[in-house]
Amino acid sequence: MKKLLITLVTIIITGGSALIYSQDDGALNALHTVVPFLTIAPDSRAGAMGDAGVATTPDVYSLHWNPAKFAFIDGKAGVGISYLPWLRNIVPDINLAQITGYKRLDDNQVIAASLFYSSLGDVPFTDDAGSYLTTFRPNEFSLDAAYSRLFSEHFSGGIAFRFIYSNLTGGMYSVGEPTKPGTSFAADISGYYQSKILIGGKNGLVAAGVNISNIGSKMSYSDDQTADFIPMNFRIGTSLNVDLDDHNRLSASLDINKLLVPTPNGKDSTVAVPVALFTSWGDAPGGFSEELREFTLSPGIEYWYNKQFAVRGGYFYENQTKGNRKYFTTGIGLKLKQFSLDFSYLMPVAQNHPLAHTLRFSLTFDINSNKASSTN
């Protein structure tokens, strides 16, 4: 029962990709991790731009995408709340929410923290004979703290620490053995670069970012279970922002991701965490061509009018043999003084996809300062 529940939860939380992919092609070999909710975009801005955020201009949700961006943020402090009803096309009661905030210490240093919570709805438990035992609501969360520092006029670095908790079974017994919540400790290491440029006589900003996230211990749900990898991830990307005139700004961004975990049926799926960070770049049984299929792409665009109204769009691409998530995203944003309200909507390429009609809502409150910033 335990193994089945964990498998079903993984399928549900990642969007049911394995349920919609035809296995007529024997090359299906998706990567597997526990607590996959950590890879879901929690905020509406990035969610509207195809899940791109490693090199976009800094905002209060930067801890998830690239903590190093906080050093360039224009503000003394800020708080954001985001809500995500997940998989409403097939499940009525799965929800994700995040509360996050930052505080500037001085011109060079910023600290931040966040709580990302996932409730997986009511799950009925039965015994081996199929008789009803109880109903439990599985839940997972991560608690993060980050530090970002400006090293030069153009470059900053960041580090984050994360505690991860996953309770999928409520301590129920499986094959005579008790289960337990899974826990893990992880860290992120990130960098961010930005520079002002001129494009056709117009002011612009070019940026690049990298974030290696969720570098942490494996997780298990019982004493006799082999521990599984959490979603250690390599994210790199770039963005270009252009001020078309005093009232109009257009930006384009691209994120590239790769999970740093062993490929199933690869050279060795039982390696230690430090080893996996390196061997995951070349352990796919299909060789280099299969390694390339493990990268996901997230191009996105954003248009701002008068720094008050935003329109966004994007696309997320994952190879069909590695999960087959392909979807367009769109959204809008409204900023009134210190308050911002953002909304995003997801449109899968496949028909009747579990992710269809996915919405995100984000509310932000910023305490502005007189600090000049090129991100405005």
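Guide: A salt bridge needs a side-chain nitrogen of Lys or Arg within 4 Å of a carboxyl oxygen of Asp or Glu. In this predicted model, the side chains of E318 and R325 meet at 2.8 Å, N to O. That value is within 4 Å, so the pair is called a salt bridge.

Visitor: What makes E318 buried or exposed?

Guide: The relative accessible area of E318 is 7%. Buried means under 20%, so E318 counts as buried.

Visitor: Why is the contact of E302 with R45 called a salt bridge?

Guide: The closest N and O atoms of E302 and R45 are 3.0 Å apart, and the cut-off is 4 Å. E302 lies in strand β14 and R45 in helix α3, so the pair ties together parts that are 257 residues apart in sequence.

Visitor: How do you know whether E302 and R45 are buried? What is the relative accessibility of each?

Guide: E302 has 3% relative accessibility and R45 has 10%. Each value is under 20%, so E302 and R45 both count as buried.

Visitor: What is the mean pLDDT of the protein chain?

Guide: The mean is 89, and 89% of the residues reach 70 or more. Over residues 1-5, however, the pLDDT is below 50, and over residues 369-376 it stays under 50. Where pLDDT is low, the predicted coordinates should not be read in detail.

Conventions
Residues numbered from 1 in each chain as written. Predicted model: local features only at pLDDT ≥ 70, side-chain atom pairs only at ≥ 80, totals over all residues. Heavy atoms only, no water. pLDDT = per-residue confidence, 0-100. Contact = heavy atoms within 4.5 Å. Helix = DSSP H or I, 4+ residues; strand = E, 2+ residues; numbered from the N terminus. Buried < 20%, exposed > 50% of the residue type's maximum accessible area, 1.4 Å probe, protein only.
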